[in-house]
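Hi everyone, thanks for making time this morning. Let me put the sequence and the structure up on the screen, and then we can walk through a few parts together.

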Amino acid sequence: MEQKIERITPDIVTELASDEVFVFGSNLQGNHLGGAAYIAHEKYGAVWGEGVGLQGQSYAIPTMHGPLSEIKPYIDEFIEFAKLHPAKRFLVTRIGCGIAGFKDEEIAPMFMKALPLANVALPKKWFELLESKNYPLDRPYIICHIMSLLDGRIDCDVTEKIESGDEYYEALEQLDCPSTLMGRVTMQMHYASPEPFQAKSATPIGCEGYYMAVEAPGYLVAIDTMGKLSWSQNKFDDLPLLVIASEDCSKEYFDTLTQQEISWIAVGKNKIDLPKAMAILFHTFHVERLSVTGGGNINAAFLKAGLLDEVSMMWCPGIDGRGGMTTAFDGLEINFPPTKLQLESVERMGETIWARYLMNDNN
């Protein structure tokens, strides 16, 4: 089981917990003579003569043997190692930026794929560099799946009166997305307990992190920014529950989820950082395909964040027409630009039309 962790490596590492690993810059010969390498050898189990990989509570990445192109494969090897050992916390020091003579701006981009790994801590300056440049993060393939009336409104009570069959779920099954994500309002309607969660202490968790209660082929993912939903069980529709909230959510809420054996991700100040959350889903929870089946606001949030790969739109043969009702994509700013899609396929399912659209690369 995996717990929340800080993501910043201290400037000076004076001690390690039993599950922590000191990641330092080395040379291929394993001559740990100075800087972080000397500390790794003296305190954390680095072995003289070994210049690569895990040694005691240290991990060596060689940086003294050549240009950046020859260093990157060892960094990639470390990142893959960290993925395979989520129970360990890796404290990465400013490797290559001391005796080796490289700049932070040269080394930090090579750790871009480590950003979504919640068990890898990086130097503060590297986080700032990576986030300022908005390096892309790997994430699941994401499909927004929607059942709408002809006027674009998506009130479930109305659509179910018009189309009472299983067309929506048959199409969803064809999308082949083992994991499904919904917003807070949709989760409240269909899965969460009627009573909201009320924390006795408002103290926020205050840092990015995650907890994996169980590793599964798929998850039911709930977006709940401030931790308002409460749960009577940790699995629905044979899918383990996974809750995503912001770092402003109370620590008590995450502790309660942990006690209930419910997986969670805490990411983002003031609001959920959706791109990072999706990257953690991909790298840590191994979610490769995800359907978003929430309401108009969560659909629009994914659209605005540039996270959608496909829109699966179903029109059932009816009209709502009531003012103020949520539409398929809703709540964006008045100056948000229109989004052009590319039609991939159209299919008739009973009286319902199902169209699949790909996102246009020019958006």
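Let me start with a question: is H286 buried, partly exposed or exposed? H286 is partly exposed, with a relative accessible area of 39%; on this scale buried means under 20% relative accessible area, exposed means over 50%, and partly exposed is in between, using a 1.4 Å probe and protein chains only. H286 sits in the loop between α9 and β13 (289–292), and its phi is positive, about 60°, although H286 is not a glycine.

Before I go on, a word on the ground rules. This is a predicted model, where local features need pLDDT of at least 70, side-chain atom pairs count only at pLDDT 80 or more, and totals for chains, interfaces and linings use all residues. Residues are numbered from 1 along each chain as its sequence is written, and side-chain values use heavy atoms, with hydrogens and water left out. As for names, helices (H or I, at least four residues) and strands (E, at least two) are DSSP runs numbered from the N terminus.

N270 lies in the loop between β12 (263–266) and α9, and N270 is exposed, with a relative accessible area of 69%.

Now for α9 itself, residues 274–283. How many of its ten residues are buried? Eight of them are, so the helix is mostly covered. Among the buried ones are L274, M278, I280 and L281. At the start of α9, a side-chain oxygen of D273 comes to within 3.2 Å of the backbone nitrogen of K276.

Let's move to the sheet. Five strands make an open sheet with mixed pairing, in the order β2-β3-β1-β4-β5; two strands pair if DSSP finds at least two bridges between them. The edge strands, each pairing on one side only, are β2 (53–55) and β5 (120–121). β2 pairs with β3 (residues 58–62) in the antiparallel sense, over three bridges, and Y59 in β3 is the bridge partner of L54.

Which strands does helix α1 (residues 35–43) touch? It packs on the sheet against β1 (20–26) and β3, where contact means heavy atoms within 4.5 Å.

Last stop: P196, in the loop between α7 (184–190) and β8 (209–211). Leaving aside neighbours within four places in sequence, P196 is in contact with K228 and S230. Thanks, and I'm happy to take questions!

Terms used. Axes fitted to C-alpha atoms, helices over the stretch in contact; angles between N-to-C directions. Polar contact = N/O pair within 3.5 Å; in protein donor to acceptor, adjacent residues only side chain to side chain.
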